[in-house]
Amino acid sequence: MHYSLNERLRQKRFALWRLTLTILLTLAFLPFLEQAAWAHAVTEGDKGYIQEIYGVHFIPFMYLGAKHMMTGYDHLLFLAGVIFFLYRMKHIGIYVTLFAIGHSTTMIVGVYYNITMSSYLIDAIIGLSVVYKALDNMGAYQRWFGFQPNTKAATLIFGLFHGFGLATKVQEYEIAPDGLLTNLIAFNLGVEVGQLLALAAILIAMSYWRRSGSFWRHAYTANVVMMTAGFVLVGMHLTGYFTTINS
């Protein structure tokens, strides 16, 4: 019994050190994460192009939507968290569909009706969605509160916030009102294409990882990294928000 107690204490100390090291390593990559966080902002070249055209331009807007999603690392982090423990394509399809319904709705409605809010605040909420999903994957809510939140409802609700995040970026394009709805639908279709391509790459990588014995050994650590990245994104966006309102 004495040996068992010491062994448990040793394992707890090791887990604590591993957790601390993981967080420190994630924070060490803060400069790279900062570049990633702003990678899907509107580029001057894209903005200039959109401001010069009028009418329906279906293919260019599809391209811009796919480009935005492929470089939207906060969105992809959340999606990676959503499918982390999903194995069956049926279940993956349900969650991805819920997320798509959420972000498509608020993206189109937000831009079409010019519903605005601080992009810093909405991006901070998107960062929190990454934290939420990582904690969910770590089983934190069952340990802390004794119940499991509805994962489907959470995916849909956070999808709505992700859609407003997309809307704030699209509004920066200053799209002409002529053909606006059609162009928004094209942009959203591009987002879905980009999302599916990114999801396919994530699933391929995850499938190979799951076949190895290291998956269950490092699944917890991977979600700690995801959680830390989410907190860093929240901190950066809140810093940007308070810097802006105080300047």
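**Values and cut-offs**

Guide: Of the 247 residues of the chain, 45% count as buried. The model is predicted.

Visitor: What makes a residue of the chain count as buried?

Guide: Buried means under 20% relative accessible area.

Visitor: Why is the pair of W144 and F145 called edge-to-face?

Guide: Ring centres must lie within 6.5 Å, and planes over 60 degrees apart count as edge-to-face. W144 and F145 have centres at 6.2 Å and planes at 85°, so the pair is edge-to-face. W144 is exposed, and F145 is exposed too.

Visitor: What makes Y241 and F242 an edge-to-face pair?

Guide: The ring centres of Y241 and F242 are 5.2 Å apart, within the 6.5 Å limit. Their planes stand at 70°, over the 60 degrees required, so the pair is edge-to-face.

Visitor: Why is Y241 partly exposed? And why does F242 count as partly exposed?

Guide: Partly exposed lies between the buried limit of 20% and the exposed limit of 50%. Y241 has a relative accessible area of 21%, so Y241 is partly exposed. F242 has 45%, so F242 is partly exposed as well.

Visitor: Which residues do ring pairs link into a cluster?

Guide: The cluster links F78, F99, Y132, Y141, W144, F145, F147 and F158.

Visitor: How do you know that the charged end of R210 sits over the ring of Y87?

Guide: The distance limit is 6 Å from the ring centre. The charged end of R210 is 4.3 Å from the centre of the Y87 ring. R211 sits over the ring of Y208 in turn, at 5.2 Å.

Visitor: What makes up the nonpolar surface patch?

Guide: V56, F58, I59, V109, Y112, Y113, I115, L181, I185 and L189 make a patch of about 910 Å². Helices α4 (58-70), α6 (89-112) and α10 (180-210) each give two or more residues. The largest share, three residues, comes from α10.

Visitor: Why can L181 belong to a patch?

Guide: Patch residues need over 30% relative accessible area. L181, found in helix α10, has 41%, so L181 passes that cut-off.

Terms used: Residues numbered from 1 in each chain as written. Predicted model: local features only at pLDDT ≥ 70, side-chain atom pairs only at ≥ 80, totals over all residues. Heavy atoms only, no water. Phe/Tyr/Trp six-rings, centres within 6.5 Å; stacked < 30°, edge-to-face > 60°. Buried < 20%, exposed > 50% of the residue type's maximum accessible area, 1.4 Å probe, protein only. Lys NZ or Arg CZ within 6 Å of the ring centre and 35° of its normal. Patch = residues over 30% accessible without salt bridge, like charges linked within 9 Å, V, L, I, M, F, W, Y side chains within 5 Å. Areas by Shrake-Rupley, 256 points an atom, 1.4 Å probe, with all protein chains shown as cover. Salt bridge = Lys/Arg side-chain N within 4 Å of Asp/Glu carboxyl O. Helix = DSSP H or I, 4+ residues; strand = E, 2+ residues; numbered from the N terminus.
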